Amino acid sequence: MNWISWLVAEIFGLFFRLAPLRIKPGLYRIGTPDENAPVLVTGNYRLTVARLWKRLRSRNLYLLVADSGGINVWCASAGGRLTHHQVLSVLKTSRIEERVNHRRLVLPQLSATGIDGRQLHQRSGWHICWGPVYARDIPAFLDRNFQAIPPMRRVEYPLGARIEMALCWAFSLSFLALFLLSFLWPQAIPATIAIIFAASILFHLSLPLFRNLFRPYRRPSKIWPVEFESGGLQTLILLAIWVAAFILNTAGSIPLAESWKWALLMSIVLLTLTIDLPGSTPILKSGTHEDRHWNLVLDGNRCQGTGICREVCPMQCFDWAPSGKSMIHARPDDCIRCGACVVQCPVDALFFLDPEGNRLDVDLIRYRKVDIWGRRNVHVK
Amino acid sequence: MKFFERTPIWYDRAIRWITFGKMADIRRSARSYFHPGQLVLDLGCGTGEWSLLAASQGAHVKASDTSPLMLQRAYSKACAASYGKHIHFAEQSLMELDNEPDKQYDVVITSLVLSECRKDEQAYALPHIARVLKPGGLWILVDEITPQDGVLALCIRCFRNTVLFFLRWMGVAVTHPLRICPADLEKLGFRIKHWQRLNAGTFLFCVAQKEAQ
């Protein structure tokens, strides 16, 4: 890895972030690591590895890049592409145990939803510790003797990340529009691309204003029969577009055929951009995932206060109970149902209830991961 | 073949289509390699077709796979065929072969599993397969293989790479056909008993015997 690789990954990542960006799995040395150097694990998403290198290039450590199919750590873990099998594979094939004299493995916190830490420990003998969410916090995490403070464990969606996400959606959709409209309606290309960029940036920049409409993940009510996160938003947008087209047409400023053509094009563009708007942010649950209606329950009688749930929760929903001997689910409305706490809890004190109040088997969450349609169909045990 | 592992009910049918029905023929011809009392290791057992074949000949089988769905399917089939007690199912990958004792098994089966591993994983697993076999033990290898040189091979590679490009773009796990020749197996201490390329040279059925010394 060098500056050119980093730049290529950043540029390519901006244009084609929605597609897998692979880097060869295996052992990467950063600096000149010795036998005491820390061993960090990540997925083989090129942009992640490039950003890790940029943040850690002044350190001496080993980076184990597991095969996550070129998908980022969180998505790969949730989808069963980054599990203890992939980490075990890179541990064995890299022969890292011959290079270091310790057995401490730093896993990305966001992989906790996919990698079963206990299985990995039992099968490999390595001790697992969960690193911070962001690469920028890793140096401080290492300096603190592998301890992360709560802000390092919380996922954010700051302005920079929102702009990146808006641009990556806009670039991908613009390429598609350019290709299709070249055949169908070449005159509309400049205006369509302008609309795509404007709408994408508008949606993502204004997200903090309307993010609360997406949560908590309630089922449709009598007042608003369509869920806002999966259909409701799109219905509103479609209504607005077609009412505007009708008004412009009746006002006589645009001919009927022209206004309908533009309304149809706008509808396709905006539906594509909002198809999974909450799911394309790290702070909201995807509107396609069936898990969004589940409720997380903490069994206080079982809980032994290991604190692992607090360590892996990306929204920091857990606190210590006043007694200090158990945990409490202090901020349930922030929960994005990622299931990391359920997967990692050593005493199975956490579980989900479905909307009918049925308790879901812990192994369902631990070993069944979501497929591309958001259903837990992928077994990974 | 990981793509089909999500729907085990379709897996056997999909394999039949992909191999143009050759898998059943291969299993039929491999029946004579199994004998009562043998200890057989079926790596990446899938839905357990090879394990059932070995168990039907009186062998004791350890069948391993990383997919619980496939193991579940294999176990159901074994119970339905009354071989449930002869087959021990384990959820483990090829990367855990180092936990198996030396010279333990009479037969090791790897059917459509090595091509699911990357090159470095294949390089890690092959010496362990040789290690866990008893002297004189058999390794039955059935897998995708890179076709030999020639115009047909070039056409197949072009077609395959085009398909794989789009599959990779969609995030689908793809296979890595073996680049292996009899000399490679001989270096590992095997003697080739049977080497057959099928389906325009893209599919390999090999039986190799571990040297007594």
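Into which domains is chain A divided? Chain A has domain 1 (3-153), domain 2 (159-277) and domain 3 (290-379), with bounds from an automatic or database domain assignment. The model is predicted: local features need pLDDT of at least 70, side-chain atom pairs count only at pLDDT 80 or more, and totals for chains, interfaces and linings use all residues. Residues are numbered from 1 along each chain as its sequence is written, and chains are lettered from A and ligands numbered from 1 in the order in which they are written.

The C-alpha centres of domain 1 and domain 2 of chain A lie 36 Å apart. Four residues of domain 1 of chain A are in contact with five residues of domain 2 of chain A; contact requires C-beta atoms, placed from the backbone, within 7 Å.

Helix α8 of chain A covers residues 189-205. Helices are DSSP runs (H or I, at least four residues), numbered from the N terminus. Thr192(A), Ile196(A), Ala199(A), Ser200(A), Phe203(A) and His204(A) of α8(A) are buried. A buried residue has 20 or more other C-beta atoms within 10 Å of its own, and an exposed one 12 or fewer, with C-beta atoms placed from the backbone. Seen down the axis of α8(A), the buried residues fall within an arc of 115 degrees, so they line one face of the helix. The arc is that of the directions from the helix axis to the C-beta atoms. Pro190(A), Ala194(A), Ala198(A) and Leu202(A) are exposed on the other side of α8(A). The cover over the buried residues of α8(A) includes α7 (159-184), α9 (207-210) and α11 (256-273) of chain A.

Key. Two residues are in contact if their C-beta atoms, placed from the backbone, lie within 7 Å. Helices (H or I, at least four residues) and strands (E, at least two) are DSSP runs, numbered from the N terminus. The expected span of a helix is 1.5 Å times one less than its number of residues.
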